[in-house]
Amino acid sequence: MSDSNVQIFDTTLRDGEQVPGCKLNTEQKLIIAKQLDNLGVDVIEAGFPISSPGDFKSVQEISKIVKNATVCGLSRSVKNDIKVAAEALQYAKKPRIHTGIGTSDSHIKFKFNSNREDIIERAFAAVSYAKSFVEDVEFYAEDAGRTDNEYLARVCEAAIKAGATVLNIPDTTGYCLPSEYGAKMKYLKENVKGIDKAILSCHCHNDLGLATANSIEGVINGARQIECTINGIGERAGNTALEEVVMILKQHSYLNLDTNIITSMLYGISQLVSDSMGIYTQPNKAIVGANAFAHSSGIHQDGVIKHRETYEIIDPKDVGVTESAIVLTARSGRAALAYRAKNIGYELTKLQLDEIYINFLSFADKKKEINDTDIHQIIETSKVYRQIASA
Ligand code: KIV
Ligand code: ZN
């Protein structure tokens, strides 16, 4: 792995699947896991094996079919969780156990009724035990976003001493500002002894709509793994959206950070996840929403028809969308109408276009969107078109 490479850790099947009412069965999970592997993700978090026999089976079956990616199973810092995760991962070519514990004062006091020193000991013990099963052990410091940096650094040091290969710094509650999250990564990079032995990982939640921005700040400040989900699905407001971080790094090449993702597969896998989980993707969702490459105002349409880049920073083909859409509404101009008419076989003269456009506007004022059948009807019933066509 080069220093510019950012590993993509997909947790659609674990954190993503925690969306209420969106449970997937093993068969659906296998289809998604296969596509994630083809997409080029580096790690697939396949589930939380101790949580249910169904999740155990899914992790086990996914481990058997994944060819390239590391397959990861979640556990708490509890011996039996870790043992069961190791069993579920036994067929994986590249297994990883993801274990950890809450480190914020709030988690230490209210969740564990414990103290900081005890949590460090438990973290060390959990990673050491996981290392007795697999070489690749990722440690998560739950609620790291609200954990004091000095203490977090001590927890990370203990995890590295026990053999952790990856240190996950979750902003579990989606609380941090990008500058804060970036500074946290920088602090850890500069203050944790032995940090070069492990990769720092961003795991951001979207409660304030900052998950993507925080993950990007994380990698700018030294992290080299992003944990994310397709379409940003996940508990509450969701997780970092895979397609967003991948395309940000691709579009901003001066950051000199890249991923192994085949971006032309993004739209297809977004549809697959949305259909399988029955979660509708908002139309204005970045990269994969139905309107992400649709232009409906006259000024924008004219600009895009003349030169696509005027209003588009991404070539739709780069993310698997066939082409930009010129949507006809009452806000559209003549250029858009002429363009759509040409697509269905009408080369309109200026005179024809002027009259047809007036008819189009009165039609469009009554209907939200004008489709190809409407365009046929508007043109064929237009007087000026009939006169010239029959002359
Ligand atoms: O958000 C979080 O803290 C998590 C951990 C369990 C990794 O999902
Ligand atoms: Zn999470």
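Start with helix H2, residues 53–65, and helix H3, residues 79–88: their axes come within 8 Å and cross at roughly 40°. Because of that angle, H2 is oblique to H3. H2 contributes Phe56, Val59, Gln60 and Ser63 to the contact, and H3 contributes Val84, Glu87 and Ala88, where contact means heavy atoms within 4.5 Å. By type, these residues are 4 nonpolar, 2 polar and 1 charged.

A word on the source. This is a predicted model, with local features needing pLDDT of at least 70 and side-chain atom pairs pLDDT 80 or more. Residues are numbered from 1 along each chain, and side-chain values use heavy atoms, without hydrogens or water.

Now the salt bridges (a side-chain nitrogen of Lys or Arg within 4 Å of a carboxyl oxygen of Asp or Glu). The structure holds 30 of them.

One joins Arg76 and Asp81, with the closest N and O atoms 2.8 Å apart. Asp81 is buried at 2% relative accessible area, while Arg76 is partly exposed at 43%. Buried means under 20%, exposed over 50%, and partly exposed in between, with a 1.4 Å probe and protein chains only.

Next, Arg116 and Asp148 meet at 3.6 Å, N to O. Arg116 is in helix H5 and Asp148 in the loop between strand E5 and helix H6, so the pair ties together parts 32 residues apart in sequence.

Last, Lys285 pairs with Glu243 at 2.9 Å between the closest N and O atoms. Lys285 and Glu243 are 42 residues apart, and both are buried.

Key
Chains are lettered from A and ligands numbered from 1 in the order in which they are written. Axes are lines fitted to C-alpha atoms, for helices over the stretch in contact, and angles run from 0 to 180 degrees between N-to-C directions. Helices (H or I, at least four residues) and strands (E, at least two) are DSSP runs, numbered from the N terminus. Angles under 35 degrees count as roughly parallel, over 145 as roughly antiparallel, 65 to 115 as roughly perpendicular and the rest as oblique. Ala, Val, Leu, Ile, Met, Phe, Trp, Tyr, Cys and Pro count as nonpolar, Asp, Glu, Lys and Arg as charged, and the others, Gly among them, as polar.
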